[in-house]
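Trainee: I have a new protein model to look through this afternoon. Could we go over it together?

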Amino acid sequence: MKFNQVNWKSAYEWLRKKQALLVEAYKKGNYLKVRHLQISILKDFRTTAIAVRRVTTSSSSRTPGIDGVIATTAEEREALAQQVYSIVRIPSIYKPSTVKRVWIPKKDGSQRPLGIPTIVDRAVQAVYLEAIDPLVECNACKNSFGFRKFRSAQDAVLALRGKLIHPKASEWILNADIMKCFDRINHDFLLRSIPVYRKVDRNVLRKMLKAKIIDMSVVTTPEVGTPQGSIISPLLCNVALNGLEEMLKAKAIELCKPILGRRGNPKVHVVRYADDFIIIGPSKKMLKVLRPHIENFLAERGLEISKAKSSLFNIWEQEFEFLGFSFNKKRFNYKKRSEVSWVKRSYKSTSRIIIKPSDDNLGKLKNKIRDLIRSHTDLSTLVLKLNDYLRGWAMYFAITGDSAERVRGMHRFVLRQCWDKVLKLHPVTPRKTLRKRFFPRHRFYQLGRYVERSWVFSVPTKLERPSMSDAKLRLFNLDSVRAPGKALIPTGLNAYEKADRERLEKRILYTNFPSGTVEKICRRQKFICPVCGQSLSNGENIEVHHLPSLKDSRLLATPNAQVKTVALHKLCHSRMHKDLQNCSENQRF
Ligand SMILES: [Zn+2]
Ligand SMILES: [Zn+2]
């Protein structure tokens with residue numbers, strides 16, 4: 001088998017089918033079948049190919065491990081795939097290399113340790129991930145959103161909002177912070193509870209956990225914890241913390257009568273994103289009684305709550321932060337008409353929950369923009385860099401009306417900084433000329449109609465762009481950002497089951513696209529790559545292919561004959577060009 005000849009579409013389909021069978025067998029309790037299926041997933045070359053593709057195309061693929069090796073060319077990937085394949089066929093000989101430790105600064109001044117395995121180890125982990133993740137998904141908490149397929153941090157924020165939005169919703173919040181979750185997880189607990197059914201696989205996982213770590217030439221063997229930065233760590237974090245929500249809810253139902261004096265729904269909720277979680281309860285006493293249970297649950301896994309960072313408070317009195325957003329609940333006085341229109345007035349709108357990007361994050365954005373503007377003198381690269389950053393930032397933070405408003409509010413700041421930069425670069429040119437040259441009016445096509453805007457920062461560019469008719473590069477307009485009105489994700493779905501998967505696939509996972517034009521092309525294709533059938537927003541680089549002739553369009557079988565451009569993964573794009581070349585060569589001979 002060759003990595004460069006894998007038919008991606010059928011490989012992905014094969015894997016999905018096997019994973020669906022795995023989930024089915026696991027739910028029926030047929031562990032012998034689970035074992036067989038797991039082995040067949042692990043030992044097949046297609047899984048290896050998918051894993052290699054994943055580790056060599058992700059954004060972290062350019063960070064080498066201790067051996068300094070990264071796989072960027074086709075030959076290197078081929079070699080990597082063969083190496084990984086030989087490991088997964090005979091896992092008993094596998095010996096992971098030392099993990100490189102890197103420290104990155106955190107916002108409170110301390111440093112966070114990252115552990116970077118070599119690319120071979122990362123690929124082996126990715127193979128195991130495909131075989132284990134479906135089973136972990138079966139036991140997942142309903143309101144856990146971290147590192148699960150089709151679920152994002154934004155879904156966690158929206159879910160939390162849903163739990164808090166009703167005026168009579170539970171109003172006490174326990175904001176608990178697990179102290180150094182990734183560094184302290186107990187290995188024995190993980191190895192006991194991870195769903196693998198072969199001794200040799202458990203040994204492989206043990207070797208991964210016990211892999212030596214090198215930090216400034218000091219080599220240590222970890223007794224606890226899993227290196228942040230390896231592919232399998234988020235999965236292990238989920239393995240450790242799954243069950244928390246169910247345990248707390250069961251306890252809350254038990255305690256409902258003695259504490260609240262009534263039977264029924266205790267209105268206790270847990271929303272979790274990886275190791276970050278918020279617990280909502282109806283009374284202070286309830287949460288105080290539940291807290292020791294949480295501590296016991298965590299102690300079993302070698303974890304503890306950090307006393308300094310966790311707090312218990314009432315939502316009407318204090319705002320809190322979760323995943324970079326600040327949450328604030330307010331009552332509204334309807335004597336004042338201005339706050340909510342009379343039409344909207346209803347029982348539900350006697351209170352509002354206001355979600356905004358937190359002040360820390362706004363400060364960070366401002367600093368980053370100042371840095372970018374200071375460090376670039378070429379305006380077209382500056383605009384490209386700014387667009388990249390602003391687009392990603394806006395995409396993450398504009399999820400509700402209030403937060404989108406805050407995002408739009410940053411537009412003036414960005415524009416002002418750009419204007420100052422232009423003045424600095426052209427000190428003698430009259431301002432009127434500068435304004436005409438760099439900040440002209442422009443007609444945008446936006447939300448189905450044309451809008452004319454003044455003060456659009458545009459710079460001439462020589463870069464190649466999907467639409468060549470226009471040789472100007474424009475600043476991404478934060479002012480036009482609107483909340484997408486995302487629906488709450490239905491809870492309790494398993495991304496590896498066929499029916500559930502189809503439901504989840506309908507929601508488009510929105511990620512950062514390189515430019516507005518590319519995004520438009522992707523949207524036309526419903527964010528699906530026509531070559532491999534995978535989502536375009538899976539973190540791989542996207543390229544635009546121009547269809548020069550009818551032959552190509554027949555080859556791709558695009559339904560719309562007028563489409564002249566298609567967006568593809570970078571890997572799929574180069575594959576397609578190779579196929580086209582082969583095609584024409586065959587015709588010649
Ligand atoms: Zn693709
Ligand atoms: Zn092309």
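Predicted model: local features only at pLDDT ≥ 70, side-chain atom pairs only at ≥ 80, totals over all residues.

Trainee: How many helices and strands does the protein chain have?

Mentor: There are 21 helices and 17 strands in the protein chain.

Trainee: And what share of the residues is buried?

Mentor: Of the 589 residues in the protein chain, 33% are buried.

Trainee: Now the core. Which residues have the most contacts inside the largest nonpolar core?

Mentor: They are Val 52, Val 84, Ala 123, Val 127 and Ile 279, in a core of 131 residues. Helix α5, which covers residues 119–138, gives the most to this core, with 10 residues.

Trainee: What is Ile 279 in contact with?

Mentor: Apart from neighbours within four places in sequence, Ile 279 is in contact with Leu 174, Ala 176, Leu 248, Val 270 and Leu 287.

Trainee: Let me change topic to helix packing. How does one describe two packed helices?

Mentor: One gives the angle between their axes and the distance between the axes.

Trainee: What are those values for α1 and α3?

Mentor: Helix α1 (residues 8–28) packs against helix α3 (residues 45–57) at an angle of about 110 degrees, and their axes are 10 Å apart. The two helices are therefore roughly perpendicular to each other, and their crossing is left-handed.

Trainee: Which residues meet there?

Mentor: From α1 there are Ala 11, Tyr 12, Trp 14 and Leu 15, which meet Arg 46, Thr 47, Ala 49 and Ile 50 of α3. By class, this contact has six nonpolar, one polar and one charged residues.

Trainee: And α13 with α14: at what angle do they pack?

Mentor: Helix α13 (residues 359–375) and helix α14 (residues 379–397) pack at about 165 degrees, with axes 10 Å apart. Angles over 145 degrees count as roughly antiparallel, so that is how α13 and α14 lie to each other. The crossing of α13 past α14 is right-handed.

Trainee: Which residues make that contact?

Mentor: Leu 365, Lys 368, Leu 372 and Ile 373 of α13 make it with Leu 382, Lys 385, Leu 386, Tyr 389 and Trp 393 of α14. By class, the contact has seven nonpolar, no polar and two charged residues.

Technical notes:
Residues numbered from 1 in each chain as written. Chains lettered and ligands numbered in written order. Helix = DSSP H or I, 4+ residues; strand = E, 2+ residues; numbered from the N terminus. Buried ≥ 20, exposed ≤ 12 C-beta atoms within 10 Å, placed from the backbone. Axes fitted to C-alpha atoms, helices over the stretch in contact; angles between N-to-C directions. Parallel < 35°, antiparallel > 145°, perpendicular 65-115°, else oblique. Left-handed = near helix turned anticlockwise from the far one by under 90°. Contact = placed C-beta atoms within 7 Å. Nonpolar A, V, L, I, M, F, W, Y, C, P; charged D, E, K, R; others polar. Core = buried A, V, L, I, M, F, W, Y, C linked by C-beta atoms within 7 Å.
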